[in-house]
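Subject: Structure handover

Hello,

Please find the structure below, for your files. My notes on what was found in it follow.

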Amino acid sequence: MKIIIYLASSANGKISNNRNVPDWLSQEYGRGFMEISQKTGAVIMGKTTYNILAPDYLPLQNEGTMVVLTHDTTATPAKPNVVFTDKSAREIVALLESKGHQEAVIIGGTATVSEFIRAGLVNEIILVVEPVLFGMGLPMLEDVDIDLKLDLSEIKKLNDHTVQLHYQVQVQ
Ligand SMILES: NC(=O)c1ccc[n+]([C@@H]2O[C@H](COP(=O)([O-])OP(=O)(O)OC[C@H]3O[C@@H](n4cnc5c(N)ncnc54)[C@H](OP(=O)(O)O)[C@@H]3O)[C@@H](O)[C@H]2O)c1
């Protein structure tokens with residue numbers, strides 16, 4: 001299965017600021033977020049990200065599968081296609097494959113992205129670089145003691161100030 005990370009980033013590589021207000025995100029990032037979620041039909045996120053999005057801004061309606069990493073697997077999901085799980089990254093991939101998915105997108109946040117990078121399961125990374133610098137905030141990765149090499153497959157200018165970098169993760 002192909003696993004893609006799709007994230008907005010500040011120009012200095014942070015995925016959120018300390019204010020935790022999404023006023024730095026472009027419309028183009030939002031559009032891309034919906035498009036890739038619908039294209040893959042399988043979306044992976046952490047519970048903190050889910051809490052920001054649910055119920056109104058989840059990227060899939062009733063189709064597809066949204067997997068949410070959480071230790072609280074007994075909570076009631078906002079939609080029938082939301083799965084709360086405490087399974088490992090590898091088990092989540094197996095679960096999605098068993099549902100017939102061939103690709104999935106990870107939409108954040110740091111803990112969830114780090115989990116899948118650590119497990120060596122990420123094939124592609126799409127970074128939407130917004131024109132901001134954050135002194136404080138969350139990095140893309142935390143507690144990941146490995147280095148990865150990437151191949152740049154595409155650069156797209158999304159508007160006057162925002163670029164999208166599309167990377168393929170090199171096989172180690
Ligand atoms: N720039 C972007 O594109 C973008 C996109 C999305 C989010 N964000 C930002 O990212 C931030 C959230 O990131 P985050 O790292 O704090 O949170 P996150 O990855 O969204 O969610 C973390 C939560 O997921 C659960 N979790 C993570 N790993 C788990 C595992 N192995 N097993 C079971 N549960 C697991 C835990 O939930 P429980 O506590 O319920 O167990 C944990 O508290 C927010 O500030 C948000 O704005 C940015």
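**Strand pairing**

Strand 7 (residues 124-129) and strand 10 (residues 163-169) run antiparallel and are joined by six bridges. Helices (H or I, at least four residues) and strands (E, at least two) are DSSP runs numbered from the N terminus, and two strands pair if DSSP finds at least two bridges between them. Within this pair, Leu127 is opposite Leu165 of strand 10.

This is a predicted model, in which local features need pLDDT of at least 70 and side-chain atom pairs count only at pLDDT 80 or more, while totals for chains, interfaces and linings use all residues. Residue numbers start from 1 along each chain as its sequence is written.

Strand 7 also runs parallel to strand 1, with six bridges between them. Here Ile5 has Ile125 as its bridge partner, and Tyr6 has Ile126. Strand 1 (residues 2-9) also pairs with strand 6 (residues 103-106), in the parallel sense and over four bridges. In that pairing Ile5 stands opposite Ile106.

**Nonpolar core**

The largest nonpolar core has 33 residues. Such a core is a set of buried Ala, Val, Leu, Ile, Met, Phe, Trp, Tyr and Cys residues joined through C-beta atoms within 7 Å; buried means that 20 or more other C-beta atoms, placed from the backbone, lie within 10 Å of the residue's own. Val43 and Ile106 have the most contacts inside this core. Strand 1 gives the most to the core, with five residues. Leaving out residues up to four places away in sequence, Ile106 touches Ile3, Ile5, Ile44, Thr112, Val113 and Phe116 (contact: C-beta atoms, placed from the backbone, within 7 Å).

**Ligand shell**

There are 24 residues around the ligand, of which Gly46, Thr49, His71, Gly108 and Gly109 come nearest (a residue counts if its C-beta atom, placed from the backbone, lies within 6 Å). The elements giving two or more residues to this shell are strand 1, strand 2 (14-16), strand 3 (42-46), helix 2 (47-53) and helix 4 (110-118). By class the shell has nine nonpolar, 11 polar and four charged residues; Ala, Val, Leu, Ile, Met, Phe, Trp, Tyr, Cys and Pro count as nonpolar, Asp, Glu, Lys and Arg as charged, and the others, Gly among them, as polar.

**Record**

An unreviewed UniProt entry lists residues 2-161 as "domain: Bacterial bifunctional deaminase-reductase C-terminal"; UniProt positions are in the numbering used here, feature names are shortened, and annotations may be inferred rather than shown by experiment.

Regards

Key:
A residue is buried if 20 or more other C-beta atoms lie within 10 Å of its own, exposed if 12 or fewer, and partly exposed in between; C-beta atoms are placed from the backbone. Two residues are in contact if their C-beta atoms, placed from the backbone, lie within 7 Å.
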